[in-house]
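This briefing goes through one protein structure, topic by topic. Keep the model open while reading and find each residue as it is named.

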Amino acid sequence: MLDSLTEMAAIAVVDNADGAGPYVIVCEHASNFIPARFGNLGLPETELQRHIAWDPGALGVARVLARELDSPLVSCAVSRLLIDCNRDPSVFDAITAKSEDTVIPGNAGLSPEERQARVRDIYEPFHAGVAAVVAAKRAKGPVAVIGIHSFTPVYNGAERPWHIGILFDRDESLSAPMLAALRRDAAIVVGANEPYSPGDRVYHTLDRHGQSQGLASVMVEIRNDLLRTPKQEAAWGTKLASILKGIAFQEGIPQK
């Protein structure tokens with residue numbers, strides 16, 4: 001077991017649990033925290049500040065969005081370098097030995113038992129937390145699930161021009177009106193399933209708790225050089241909230 005859930009409070013951190021709004025907001029990559037017993041996975045502290053360890057700025061945006069929409073937010077209290085809670089734990093990069101150009105010594109040569117321990121102690125409690133919040137909201141009426149992430153301006157040497165990306169799978173009930181609203185602002189470069197798409201295995205949480213349950217879902221990716229200050233985080237959170245307040249949705253997303 002992780003040393004000291006008291007040190008972390010919980011794996012799934014819930015803000016505004018009693019919010020009356022119709023959304024559940026999820027931020028899987030909110031934290032770069034690694035419990036002491038993992039020894040920073042053999043990495044210097046500078047590496048833990050990079051995007052490989054978390055999504056800088058995403059939690060700030062998610063908190064503003066939760067406040068503006070009066071909706072609960074579920075965030076993960078530990079770094080995705082331990083296990084990426086937004087990936088199926090069976091896929092090869094759920095626990096990665098190399099992220100971008102950085103080797104992760106503490107993830108090399110993990111035994112099946114060590115991998116399963118991280119699934120048990122991190123992935124499962126996080127998703128149990130998300131499931132509980134979604135179930136509580138569904139008991140009161142229709143609910144939609146929103147994932148908040150950030151991405152790097154340059155990845156493996158390739159520049160990314162988008163300011164924001166809206167990611168979606170077979171359900172476009174939220175993504176289509178969001179894309180239309182964002183594209184009305186000529187100053188914003190908007191990506192549709194860019195810089196990632198469900199084909200990159202990044203839609204796991206939203207599929208598990210959203211569209212596979214018949215719920216509307218959408219993922220938001222904001223370029224992290226636009227989230228360097230609380231003021232920037234607040235501006236994006238407020239912009240997204242104003243768009244989402246104008247969207248009507250209902251349960252009953254078509255299933256595969």
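At 24% relative accessibility, Asn 40 counts as partly exposed. That residue is one of several picked out below from a model that is predicted.

- Most residues other than glycine have a negative phi, and most peptide bonds are trans.
- Asn 40 is not a glycine, yet its phi is positive, at about 55°.
- To find Asn 40, look in the loop that runs between strand 2 (23–27) and helix 2 (45–48).
- Arg 201 is another residue that is not a glycine but has a positive phi, here about 70°.
- Arg 201 has a relative accessible area of 33%, so it is partly exposed.
- The loop between strand 10 and helix 6 holds Arg 201.
- Pro 195 also sits in the loop between strand 10 (190–192) and helix 6 (204–209).
- The peptide bond joining Glu 194 and Pro 195 is cis, with an omega of about 5°.

**The sheet and the helix across it**

- Strands of a sheet pair through backbone hydrogen bonds, either parallel or antiparallel.
- Seven strands make up an open sheet with mixed pairing, and their order is 1-3-2-6-11-9-10.
- Strand 1 (12–15) and strand 10 are the edge strands, since each of them pairs on one side only.
- From one strand to the next, the twist averages 20°.
- Strand 2 and strand 6 (residues 144–151) run parallel and are joined by four bridges.
- Tyr 23 has Ala 144, in strand 6, as its bridge partner.
- Helix 7 (residues 230–244) lies across strand 2, strand 6, strand 9 (164–167) and strand 11 (217–223).
- Relative to strand 11, helix 7 runs at about 150°.

**Cysteines without disulfides**

- A disulfide is a covalent bond between the sulfur atoms of two cysteines.
- How many disulfides does the structure hold? The number is zero.
- Cys 76 is in no disulfide either, and its nearest cysteine sulfur is that of Cys 85, 4.1 Å away.
- A disulfide would need the two sulfur atoms to be within 2.5 Å.
- Is Cys 27 buried or exposed? Cys 27 is buried, because its relative accessible area is 0%.
- Cys 76 is buried as well, with a relative accessible area of 2%.

- Asp 121 belongs to helix 4 (residues 112–138).
- With a relative accessible area of 12%, Asp 121 counts as buried.
- The side chains of Asp 121 and Arg 120 make a polar contact of 3.0 Å.
- Ser 173 lies in the loop between strand 9 and helix 5 (175–183).
- The relative accessibility of Ser 173 is 29%, so this serine counts as partly exposed.
- The side chain of Ser 173 makes a polar contact of 2.6 Å with the side chain of Asp 171.
- Which distance separates Ser 173 and Phe 249 in space, C-alpha to C-alpha? It is 6.7 Å, although Ser 173 and Phe 249 are 76 residues apart in sequence.

Technical notes
Residues are numbered from 1 along each chain as its sequence is written. This is a predicted model: local features need pLDDT of at least 70, side-chain atom pairs count only at pLDDT 80 or more; totals for chains, interfaces and linings use all residues. Side-chain values use heavy atoms; hydrogens and water are left out. Helices (H or I, at least four residues) and strands (E, at least two) are DSSP runs, numbered from the N terminus. Buried means under 20% relative accessible area, exposed over 50%, partly exposed in between (1.4 Å probe, protein chains only). A polar contact is a pair of N or O atoms within 3.5 Å; within protein, one must be able to donate a hydrogen and the other to accept it, and residues adjacent in sequence count only if both atoms are side-chain atoms. Two strands pair if DSSP finds at least two bridges between them. Axes are lines fitted to C-alpha atoms, for helices over the stretch in contact, and angles run from 0 to 180 degrees between N-to-C directions. Contact means heavy atoms within 4.5 Å.
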